[in-house]
Amino acid sequence: MSTTEPWQMEGVEVAKLLRNKKISAQEIAVSQIMRINAVNGKLNAIVERCDEEAIADARKIESLHSNSRYTGMTMTTKINADHSGFSNSNGVKRLSLIHI
């Protein structure tokens, strides 16, 4: 692998390196986490982190030997997206008054 970190590369390039076993999913995750650590303090763009889960999932992915095009790729989503186990900023204030 070159000295360019995965977070600096285009996704298709990272995916190709991953498929060709030139980089591991765990290396990708760690690179992304290190970049987030370096810049997120100023940006405050990522409000809910799951670093440990990302690394654990990367380890699992490596053992799957998947041929899927994007297996092992990292991503972030906005807080208004629904993901099981995570809070989001969606909501209708009026519905908070309803008690079931």
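Which backbone nitrogen does the side chain of Asn40 reach at 2.9 Å? Hi everyone, let's take that one together. It is the backbone nitrogen of Ala45.

Before going on, a word on what we're looking at. This is a predicted model, where local features need pLDDT of at least 70, side-chain atom pairs count only at pLDDT 80 or more, and totals for chains, interfaces and linings use all residues. Residues are numbered from 1 along each chain as its sequence is written, and side-chain values use heavy atoms, with hydrogens and water left out.

Back to Asn40, then. Asn40 sits in helix H2, residues 25–43; helices here are DSSP runs of H or I with at least four residues, numbered from the N terminus. A polar atom of the Asn40 side chain also lies 3.0 Å from the backbone nitrogen of Ile46. Leaving aside residues up to four places away in sequence, Asn40 touches Ala45 and Ile46, where contact means heavy atoms within 4.5 Å. Asn40 is buried, at a relative accessible area of 12%; buried means under 20% and exposed over 50%, with a 1.4 Å probe and protein chains only.

Now over to helix H1, residues 11–19. Its buried residues are Val14, Ala15, Leu17 and Leu18. Viewed down the axis of H1, they fall within an arc of 160°, so they line one face of the helix; the arc is taken from the directions from the helix axis to the C-beta atoms. That buried set packs against H2. On the other side of H1, Val12 and Lys16 are exposed. Just after H1, Lys21 takes a positive phi of about 60°.

Conventions. Helices (H or I, at least four residues) and strands (E, at least two) are DSSP runs, numbered from the N terminus. A polar contact is a pair of N or O atoms within 3.5 Å; within protein, one must be able to donate a hydrogen and the other to accept it, and residues adjacent in sequence count only if both atoms are side-chain atoms.
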